[in-house]
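Here is a short walk through one protein model. Keep the sequence and the 3D view side by side as you read.

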Amino acid sequence: MDRYIVISSDCHAGLPPEKYRDYLDPQYRETFDMALPIQIEMTEKAEQSFLIKEINDEWRAGVEHGLHGAWDHDQRIRMLDEDGIAGEVVFVDGITERNSPPFGAGLGLPSDETIVPELQWAGARAHNRWLAEFCSQSPERHAGVASIPLLWDIEEAVKEVRWVKESGLKAVLIPLSTGPFEPYHHVKYDPFWRACEDLGIIVNFHSGGAMTKEYFGKNFPEEAPDDYPGGMGVYVSEVFFWTYRPLTFMIWGGVFERFPKLKVAVTETGTSWMLPPYLQLLDHNYHDVHFSAKLGDFRSHLSMSPTDYFKRNVGIGASCIPRSDMKYRHDMGIDQVMWGSDYPHPEGTWPSTRDAMIDTFHGLPDEEVTKMLGENAIKFYGFDREKLVPIAERIGPTKAEIKPAA
C-alpha cells in the first residue's frame with residue numbers, strides 16, 4: 001500500500017452542554033436545569049482569564065464549520081477524511097471546555113470540595129452513553145474513552161468498566177490527581193486494575209488536569225487571578241508533570257507487577273524533553289543501590305526495572321508531536337509513540353493536519369513512520385486493521401507526500 005494508515009491517539013468529542021440532558025438519568029434532570037446556566041457562566045469566566053477568549057473566538061470564527069464535528073458524526077467523518085485520519089481515540093471535552101459534560105465530569109474529573117460525587121457520576125455516565133452511541137456509528141474508526149470518576153467509589157468504577165466493555169468503548173479516563181484520596185499505589189485500587197486487565201480495557205491519563213487553584217487562586221475562575229502573577233507560566237511548566245505522576249505511583253507500587261497485561265496510556269504529555277529524563281530518574285533510583293541504601297528496600301517486590309514496565313505496559317499518546325522530538329524517538333520508544341491530532345482543540349494540528357504530518361515525519365525511515373502514525377495505536381487500542389486498510393487507501397497521506405528515507 002502506498003498510503004499510511006493514520007490513527008490519531010488524541011481526539012475529543014462532546015455535546016453542546018444543554019444536549020446532555022437527554023442522556024442523564026431522569027432524577028438528575030431538574031438539578032441539571034438549575035446548574036446549566038451556572039456551568040456556562042463559569043466556563044465563560046474561565047475562558048476570559050485562563051483560555052484567552054479573544055484568541056479562541058478568532059480561531060473558532062475561522063473554523064466554525066468543522067467544529068460541529070465535535071458532536072455531529074457526519075461532519076466528524078468529513079473532518080477525519082480531510083485530515084487523512086483513518087481511526088481515532090476519542091476523549092471527552094469536544095471544543096475545549098465549551099463541550100464538557102455536566103457536574104464536573106470533564107477531562108480533569110476534579111475531586112475537590114465543589115464536586116458532588118453522585119452528580120459527577122451522573123454527568124460522566126451521561127457522556128459515556130452518548131459517546132458509545134456516537135462511536136457505534138463507525139466503530140471501526142472510533143476507539144471511545146469513557147470517563148470514570150474512580151476516586152469516589154471503586155465498586156461503581158468496576159461496574160462502569162463492565163458497562164464500557166459491553167457498550168463497545170475501548171478505554172477509560174481516570175483522574176490524574178487523587179487529591180484527598182489514596183494515591184494509585186494503594187492496593188484498594190486493585191479491583192479496578194484487575195477489571196481493566198481482565199476485560200482488555202485501557203486506562204488513560206490525559207494532560208490538562210492539575211492543581212489549578214494553586215496557580216490561579218482559590219476563587220478561580222469566579223475572579224480573575226490578579227493576585228497570582230505568573231500563574232500561567234507555572235501551570236504550563238508543571239501540567240505535564242501531573243500526567244506522568246500516576247505512573248510513578250503505579251510503577252513503584254507494583255501495579256504492573258501484579259497486573260502484567262494492564263495497558264495504560266499517557267496522552268499529550270510533552271514527550272522528548274520530559275519522558276526520557278523521567279525514565280532515567282526512575283531507573284537510577286532502581287539500579288543505584290548505594291545511592292538509595294539508607295532508604296531501605298523499596299525494590300524487592302519488583303521483578304523488572306521501571307523502564308521495562310513502561311515499555312511493556314504503557315503507550316504514549318504523542319499529540320501534535322513536533323519535528324524536534326523526532327531526534328529522541330528511540331529514547332521515547334519507537335514502538336510506543338502514537339501520533340495524535342488533538343482535533344478539534346485549537347492547540348491541535350487541524351485544519352492543517354496533512355502539512356503537520358509532513359513537517360514532523362518527512363525523511364524518516366518508512367518503518368518508523370508507519371509505526372508512529374498508525375500501527376502502534378492499532379496494536380495498543382485494538383483497532384481492526386483489515387477494516388482500516390480500505391479507508392486509508394482512500395484518504396491516507398501517501399508515502400510520496402511524507403517522502404520517507406529509503
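This is a predicted model: local features need pLDDT of at least 70, side-chain atom pairs count only at pLDDT 80 or more; totals for chains, interfaces and linings use all residues.

Start with Ser 147. It sits in strand S3, which covers residues 142–147. Its relative accessibility is 0%, so Ser 147 counts as buried. What is Ser 147 in contact with, leaving aside its neighbours within four places in sequence? The partners are Val 92, Ala 105, Ala 124, His 127, Asn 128 and Leu 173.

Leu 173 leads on to the cavities. A search of the whole structure finds two of 30 Å³ or more. The second largest cavity has Leu 173 in its lining, along with Leu 107, Gly 108, Ile 174, Pro 175, Leu 176, His 206 and Gly 209. Its volume is about 40 Å³. Five of these lining residues are nonpolar, three are polar and none is charged.

The largest cavity has a volume of about 60 Å³. Leu 176 lines this one too.

Now turn to a pair of helices. Two packed helices are described by the angle between their axes and the distance between the axes. Helix H5 spans residues 154–166, and helix H6 spans residues 190–199. They pack at an angle of about 10°, with axes 9 Å apart. Angles under 35 degrees count as roughly parallel, so H5 is roughly parallel to H6. H5 brings Ile 154, Ala 157, Val 158, Val 161, Arg 162 and Lys 165 to the contact. H6 meets them with Pro 191, Phe 192, Ala 195, Cys 196 and Leu 199. This contact has nine nonpolar residues, no polar ones and two charged.

Last comes the backbone. Most residues other than glycine have a negative phi, and most peptide bonds are trans. At 14% relative accessibility, Phe 103 counts as buried. Lys 403 also has a positive phi, of about 55°. It is found in the segment after helix H17. At 59% relative accessibility, Lys 403 counts as exposed.

Two cis peptide bonds remain to be located. One joins Tyr 343 and Pro 344, with omega about -5°. Another joins Trp 350 and Pro 351, with omega about 10°. Pro 344 is in the loop between strand S8 and helix H14, and Pro 351 lies in the loop between S8 and H14 as well.

Terms used:
Residues are numbered from 1 along each chain as its sequence is written. Side-chain values use heavy atoms; hydrogens and water are left out. Helices (H or I, at least four residues) and strands (E, at least two) are DSSP runs, numbered from the N terminus. Buried means under 20% relative accessible area, exposed over 50%, partly exposed in between (1.4 Å probe, protein chains only). Contact means heavy atoms within 4.5 Å. On a 1 Å grid over the protein atoms alone, a cavity is a set of points where a 1.4 Å probe fits but cannot get out, and a pocket is an open set with protein on both sides within 12 Å along at least five of seven lines; lining residues have an atom within 4 Å of a point. Grid points are joined across faces, edges and corners, and a volume is the space filled by probe spheres set on the points. Ala, Val, Leu, Ile, Met, Phe, Trp, Tyr, Cys and Pro count as nonpolar, Asp, Glu, Lys and Arg as charged, and the others, Gly among them, as polar. Axes are lines fitted to C-alpha atoms, for helices over the stretch in contact, and angles run from 0 to 180 degrees between N-to-C directions. Angles under 35 degrees count as roughly parallel, over 145 as roughly antiparallel, 65 to 115 as roughly perpendicular and the rest as oblique.
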